[in-house]
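This report sets out strand pairing, helix packing and chain contacts in the structure shown here.

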Amino acid sequence: IPPSRPGAGQDVGRSCILVSIGGKNVMLDCGMHMGFNDDRRFPDFSYITRNGRLTDFLDCVIISHFHLDHCGALPYFSEMVGYDGPIYMTHPTQAICPILLEDYRKIAVDKKGEANFFTSQMIKDCMKKVVAVHLHQTVQVDDELEIKAYYAGHVLGAAMFQIKVGSESVVYTGDYNMTPDRHLGAAWIDKCRPNLLITESTYATTIRDSKRCRERDFLKKVHEAVERGGKVLIPVFALGRAQELCILLETFWERMNLKAPIYFSTGLTEKANHYYKLFITWTNQKIRKTFVQRNMFEFKHIKAFDRAFADNPGPMVVFATPGMLHAGQSLQIFRKWAGNEKNMVIMPGYCVQGTVGHKILSGQRKLEMEGRQVLEVKMQVEYMSFSAHADAKGIMQLVGQAEPENVLLVHGEAKKMEFLKQKIEQEFRVNCYMPANGETVTLPTSPSIPVGISLGLLKREMAQGLLPDAKKPRLLHGTLIMKDSNFRLVSSEQALKELGLAEHQLRFTCRVHLHDPRKEQETALRVYSHLKSVLKDHCVQHLPDGSVTVESILIQAAAHSEDPGTKVLLVSWTYQDEELGSYLTSLLKKGLPQAAS
Amino acid sequence: FFQYCLSGHPTLPCNVLKFKSTTIMLDCGLDMTSTLNFLPLPLVQSPRLSNLPGWSLKDGNAFLDKELKECSGHVFVDSVPEFCLPETELIDLSTVDVILISNYHCMMALPYITEHTGFTGTVYATEPTVQIGRLLMEELVNFIERVPKAQSASLWKNKDIQRLLPSPLKDAVEVSTWRRCYTMQEVNSALSKIQLVGYSQKIELFGAVQVTPLSSGYALGSSNWIIQSHYEKVSYVSGSSLLTTHPQPMDQASLKNSDVLVLTGLTQIPTANPDGMVGEFCSNLALTVRNGGNVLVPCYPSGVIYDLLECLYQYIDSAGLSNIPFYFISPVANSSLEFSQIFAEWLCHNKQTKVYLPEPPFPHAELIQTNKLKHYPSLHGDFSSDFRQPCVVFTGHPSLRFGDVVHFMELWGKSSLNTVIFTEPDFSYLEALAPYQPLAMKCIYCPIDTRLNFIQVSKLLKEVQPLHVVCPEQYTQPPPAQSHRMDLMIDCQPPAMSYRRAEVLALPFKRRYEKIEIMPELADSLVPMEIKPGISLATVSAVLHTKDNKHVLQPPPRPIQPAGGKKRKRASDDIPDCKVLKPLLSGSIPVEQFVQALEKHGFSDIKVEDTAKGHIVLLQEAETLIQIEEDSTHIICDNDEMLRVRLRDLVLKFLQKF
């Protein structure tokens, strides 16, 4: 299984991973990098295209969730580079992804005037290639390749995917979180023991303090700012964290009876909340249970934002998109409010390098804006890690759940990944990899081969397994018939019969000379009692015709033609009983004990 | 492979399948037609019902008049209504490993099974099935518990007394096992044993069997089930539909290659066309309302009602009914309407696309928003103040024995302006109406049953080609009322195997293979040889390991060399294990080449004699005789192990091992 990776290596910019498993090629996510405005924005597909068309090479594409760093390059990939095969994602992702793509396209093309970008029609055409999957549904991509989605939390509709070919499998987590939050549940996977687990590692080193503390902290900061008359800007993405924070503020405002207005920018809000309402089965237990009585996504205190409100006097809280302050309304409001130290901006999620969000979080207070303007940031800058990624503890938890043979870390920063890698290798004793962009990791697997065993043969063996003397490992003997790709293990007799071949019997008869003047019958009797006493575990019989049998070996006593004092024992056995037969002859050769009679 | 049939009702099945080492219950249907023998439970005291005369025997003996009441020539039990449970004695239900539920109508007996039989297994069902199933149970419990009835009649159940009663009481089956409704506590406990599954999810049972739900197209989350091992496959088809209504379409392709297809839950009204019935429903409704009458639609709180509301949504304005209020009264009305909107993934494509916009998939959201449709938990409370006539009321229960519908029957029954329209097919409308006779209101029978009809079944069977079909006996002959309609039965080859309540059926399986895995190390050591073009053989000697019903072949252990081989050991230590199997041999020995080989290996003085069947090779010097025939070789020699082994190896060179 070599997963190679045009996109996400040691950097949280974008995700795009190529996995080859059992002769099938699957692309995991198709993200874009939001820190770039040029060609570097999209993954480099020339790695694949130099060998031919994408559609011929890839068996399918899987999108884990609707964040643009996981699906933003999809229309570019399918419509501009050219891919016509199936694209799999969950229903909520399929519903929301085109809206975010269109939103992003508008900012890039209409506001920034970028050329060579995908069009609205391309987004539509791209979405036509999407096949929606249910959680836990086993989707048969073709006869050999199957995929299965697991709940990942993180955002509405986020999923982890298991990719399976024969007995080989890979699990790709996308982004996930292992602790339920105010609107989503925790990721879960069964003990599927994949050959490889590819996990994100955004928060590879952080073990975050309890969610409650962070929430209290957040509320306290917002409350303080509003009390002193400041304006609070919370840059968010329209869907996801925004809903969780809205629920949080809504309940807080209600409890504290606060009057300062809360706004949510862009027309997407109501629509976004509507998606949460319709896909309520994807949210957490509590919301699902109570939605009939009270829908958590209908807010009383949070109202739609108008651009003019930004200049209103007095305190307010505004949720504005996009979340990394790289464009759009959040950036506009930020520029307006940045100069006043009473105001506050709270960054509730991760910001990629190159964005304004990233700059102010790294302490920069003088920003160079378009047109050489310098913006001085006096407002309070706060960072709250609310983005729902698994922390180190969560990642370890997932590794423990799935029990993979190998772990591959992606979507994180190199130093932090190194730390986690060591931890995983120590605790689980599995190999852990952390490839860079464009690097290929190859894992050898040794799958066992499933074949059909004839029930007769199996039952015969199982029955023998129940015998008391079966402590020694017993050998099962059979013949494997291989016809095309059909493998069957049958008893040798059946194999001969099926192929129309006759059995060839090979039989041995050895003459053993024995000094014994008595009659043949008596000799036989002596042989019988001797063997009976030696071979306690075997079936020794004295037949009416005077012959002796040990299992299927026949012993007859005959007179010697010349010497009356000697008897000849004829020991006869088949090739299949060779060991015992040859043992018996050597035993009898030693003679019979005298005392017997 | 056996099937134990615990229910005689073809659309409310309950079967137990013994499949390999697992015991699987297929559905848990509750036969509620038994309640038709009881008097309705009125929400408000009904003088008419309480004044019905007691029933007495022909000889005037009136000892049953407290339990049995007479209404228009029919006799009813005056007691808390009771249900006919699946058979619980045929098989020890505590041995059931899993229960598979196909749709929300087929799980109503679940609390009786999971709570009172020692059942400790898991129940599998889809999320909509569980949620809506819960609503149906909640409604049922609510209907019965809110009108507590002191009397619980049991005298009439006595076998000797039952014989004396008029039909249909006389012919009611298994009355002694009839039970009262479960409680909400039992419902919650039963539902907590359910594990949610999605369509096409493969669920492993004990490593031996895999079960998979497939979309059946009949209701939200309704499923058919595949029960299979690596070499055997049973398809369980229960309540499927090929019509395009709101649920996701039926998955037919996955039913192919079945050894056995168990077919239940076909349409109960094979002669009615659901589309035609919907049209008739709308026109009768409009006619009544225009004449100033009220329309009563006895219904379940989920299912066909969604489709009816959607039709009315399109029909209301064109029929000039915009001002007529539509009421939906059920303790779970609100929940049902809300739940219907959140199962986008389980809906047909059209409705899914609406959710992507995002818009609610069902138009009843708009009916509610525009106040055309109002819903109430019961006719007490807000409803009584909002109530305007003429109106249309959707309410339960379709048996007309409990629920708010009883009140409306009493209220509107006396006027011929009003109409009751029966849409649910589960109860005979004539029997349902019997305790309300004489009745002035109009009765329209528009049963809407979207499940498969016999034409669709025969097409389906041609398509998926199962080796055997198993079905309730009702499907192997035309319905009693239409005995000449030979088209109203299942027609397939070989003929369907039929079952009836309390019967055990041996399923026709010919098991011949089982899956086993060959470990890679062992696979590497195998030496295949091509025997015929395209067919290769390899002899396998390996150690069999069996764990959790999975079989694995591992390489045989290396023979342990006896330490210090010179040491003399006791004879018994050397006794070989006779169970070490040697391969079989095949082929024949060409005498001339064999003799040449003997000579090459230093044997001289070789004589060959022809016999009737082959040859005898004599090694005179060694006093050895070798009989060679077409398919046997016999070496007769002195007790000289070295010689014997040499000859053996020479012979084996000409033969193939298996």
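Predicted model: local features only at pLDDT ≥ 70, side-chain atom pairs only at ≥ 80, totals over all residues.

## Interface between chains A and B

The contact draws on 95 residues of chain B and 90 residues of chain A. The area buried between the two chains is about 8,200 Å², and carbon and sulfur atoms give 61% of that area. On the chain B side, the residues that lose the most area to chain A are B:Glu345, B:Tyr356 and B:Asn639, which together account for 9% of what that side buries.

Polar terms are also present: 34 residue pairs, both members at pLDDT 80 or more, are in polar contact between chain B and chain A. Strand β25 of chain B (residues 535-547) contributes eleven residues to the side that touches chain A, the largest share. Classed by residue type, that side of chain B has 49 nonpolar, 21 polar and 25 charged residues.

An open, mixed sheet of nine strands contains strands of both chains, in the order β26(A)-β27(A)-β28(A)-β29(A)-β25(A)-β31(B)-β30(B)-β29(B)-β28(B). At its edges stand β26 (540-542) of chain A and β28 (606-610) of chain B; each has a single partner strand, so one side of each is left without a neighbour in the sheet. From one strand to the next, the twist averages 20 degrees.

The chains meet in this sheet where β25 of chain A (residues 505-515) runs parallel to β31 of chain B (residues 632-638), with seven bridges between the two strands. Within that pairing, A:Leu506 is opposite B:Thr633. β25(A) also pairs with β29 of chain A (residues 566-574), here in the antiparallel sense and over nine bridges, and A:Arg511 stands opposite A:Leu570. Helix α18 of chain A (residues 578-589) lies across β25, β27, β28 and β29 of chain A, at about 170 degrees to β29(A).

## The seven-stranded sheet of chain B

Chain B holds an open sheet of seven strands with mixed pairing, ordered β8-β7-β6-β3-β2-β1-β22. Its edge strands are β8 (194-197) and β22 (503-506), each of which pairs on one side only. Neighbouring strands are turned against each other by 25 degrees on average, with direction ignored.

In this sheet, β3 (residues 22-26) and β6 (residues 98-100) of chain B run parallel and are joined by three bridges; B:Leu26 has B:Leu100 as its bridge partner. Helix α3 of chain B (residues 127-145) lies across β7 and β8, running at about 100 degrees to β7(B).

## A hairpin in chain B

Strands β4 (residues 68-71) and β5 (residues 74-77) of chain B pair in the antiparallel sense over four bridges, with B:Cys71 opposite B:His74. Two residues lie between the strands of this hairpin, and B:Ser72 adopts a positive phi near 45 degrees.

## Salt bridges

Over all chains, the structure holds 43 salt bridges. One of them joins the side chains of B:Glu514 and B:Lys20, at 2.6 Å from N to O. B:Glu514 belongs to strand β23 (residues 513-518) and B:Lys20 to the loop between β2 and β3 of chain B, so this pair ties together parts that are 494 residues apart in sequence.

Five salt bridges are counted between chain B and chain A. A:Glu578 and B:Arg648 form a salt bridge, with their closest N and O atoms 2.3 Å apart.

Definitions and conventions. Residues numbered from 1 in each chain as written. Chains lettered and ligands numbered in written order. Heavy atoms only, no water. Pairing = 2+ DSSP bridges. Axes fitted to C-alpha atoms, helices over the stretch in contact; angles between N-to-C directions. Contact = heavy atoms within 4.5 Å. Buried area = accessible area lost by both parts, 1.4 Å probe. Salt bridge = Lys/Arg side-chain N within 4 Å of Asp/Glu carboxyl O. Polar contact = N/O pair within 3.5 Å; in protein donor to acceptor, adjacent residues only side chain to side chain. Nonpolar A, V, L, I, M, F, W, Y, C, P; charged D, E, K, R; others polar.
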